[in-house]
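Please look over the structure below. The paragraphs after it go from a pocket to a helix, then to a loop and some aromatic rings.

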Amino acid sequence: MTKAAEPSDPAVIDLEVVLVSYRSRHHVEELLAEWPSDLAVVVVDNSANTDGLAGLVHEYANLRYVSGGGQGFARAANFGASTSVKPYVVLVNPDCRPSVEQLLDLVRGVAADDRTICHAATPITLAGEIEIGVGGWEPSIARTLVHTSGLHFLLPRSGLFAHPRLGEHIEVDWVTGTCMAVRRTPFLALGGFDEAFFVYCEDMAFGHRARAGGWILRLREDVLVPHGAGSSGAPSSEMRRLQGASFATYTARYCRPAGRGVIIRALYGLGAAWRLVVLAVTRKQARAAATRAILTGVITRRAYVGGVEVARQRAVEVGPTD
C-alpha cells in the first residue's frame, strides 16, 4: 500500500489493532467486548494457543488469529503489522484499555502530519497516575548519570525515561509501544521493531531508527489510556531480567562509538547495584529481587523464558545493525 492510499481523515475501517498475546486470553476478550464489530483486530499468539485463544475467531468476525511462534514481542508485532492490509495499525498491549475513540484519535493525529510516523497514547495506572517510561530520550553518558544518581526526580527531562505530569506535553526521542498508532508502510520499511530484542527496548530502538530516517514521533498527553489491568503469564523475575538484558543490548547496538556504549551500560549497572544495596538494607525484598534480576540481565546480557535463553541468542541471531 502506497502513501497515497492513506486517507486524510481515517475512519475505523482504515486501521487494524495488533494485539501480541502471551497467555492473555482474558484481556483479549475484554478488549474485543469493548470495541465495535467493524474494528479489525489481529491477535498474534505467543503462547501456542495454551489458553484457547484461537477459539475466539468463531465468536468475533472482526478478529484474525495468527501464531507468533513464541518469538517475543518485537517479532510478533512486526508479523502482525506485516499481515495487515490497512494503512494504519495500532499496537496495543492486551493489559491496557484504550477506547475506539482513543484509537481513532491517535490514527488521525498521525494522518494530519506527513512528517509523523507514530502517535503514542500516555499510559496511566489504575489510580490515574502517569507511568514512568511512557517515552524517553536517547541514552547518553550525562543522561545515564542523572538516572543512576536518582537526580531524574529533580531533573525529570534530563534522565533516560520520561515521567510527565498530567496534561504536560514533552518532546521525546522515543515513545512507548503500549498503545501506539503507526503508518504501516513506513513502519515496515524501517524494519518495524528491531527483532534483536525479544522484549523491552524495541520501542527505544524504533525511535532511534525513525529519527534517523527523518520521522517525528509524538507522545500524546491528551490520550490517557489505563494500563496494568493485569499481567500476562510471564513471571516478573523473567521480565525484569529481560529488561536489563535488553538495555545492555541497546547500548551495544545503538550507542556509538562502542566505548561510549560500554560506559553507559556500566553506569546503568552501577545504578542498579546501588539501588539493590539500599533495598536490601531497608528489607524491601520484592523490589530488591526485581532490581537484582535487572542487574543480572545488564551484566550477562542473558535472560530466559521458560528455561530457554532468549536475549543474547536473539541479538546474535539478528546480527549487528547496518
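Helix α6 gives the largest share of the lining of the second largest pocket, three residues. Helices here are DSSP runs of H or I with at least four residues, strands are runs of E with at least two, and both are numbered from the N terminus. A pocket is an open set of points on a 1 Å grid over the protein atoms alone, where a 1.4 Å probe fits, with protein on both sides within 12 Å along at least five of seven lines; lining residues have an atom within 4 Å of a point. This pocket is lined by L190, H208, R209, A212, R253, Y254, R256, P320, T321 and D322. The elements giving two or more residues to the lining are α6 (202–212) and α7 (236–254). By type, the lining has four nonpolar, two polar and four charged residues; Ala, Val, Leu, Ile, Met, Phe, Trp, Tyr, Cys and Pro count as nonpolar, Asp, Glu, Lys and Arg as charged, and the others, Gly among them, as polar.

The model is predicted: local features need pLDDT of at least 70 and side-chain atom pairs pLDDT 80 or more, while totals for chains, interfaces and linings use all residues. Residues are numbered from 1 along each chain as its sequence is written, and side-chain values use heavy atoms, leaving out hydrogens and water.

In helix α10 (residues 311–318), A311, R314 and A315 are buried, that is, under 20% relative accessible area with a 1.4 Å probe and protein chains only; exposed is over 50%, and partly exposed lies in between. Why are they on the same side of α10? They cover an arc of only 100 degrees around the axis, taken from the directions from the helix axis to the C-beta atoms. The buried residues of α10 pack against α2 (73–82), α7 and β11 (308–309), with contact meaning heavy atoms within 4.5 Å. Just after α10, G319 has a positive phi of about 90 degrees.

Another glycine, G70, lies in the loop between β3 (63–67) and α2. With a relative accessible area of 36%, G70 is partly exposed. Beyond its neighbours within four places in sequence, G70 contacts N46 and F198.

Eight aromatic pairs are found in the whole structure. Rings of Phe, Tyr and Trp (its six-membered ring) pair if their centres lie within 6.5 Å; planes under 30 degrees apart are stacked, over 60 edge-to-face and the rest tilted. The ring centres of F161 and W174 are 6.2 Å apart and their planes at 85 degrees, so this pair is edge-to-face. Both F161 and W174 are buried.
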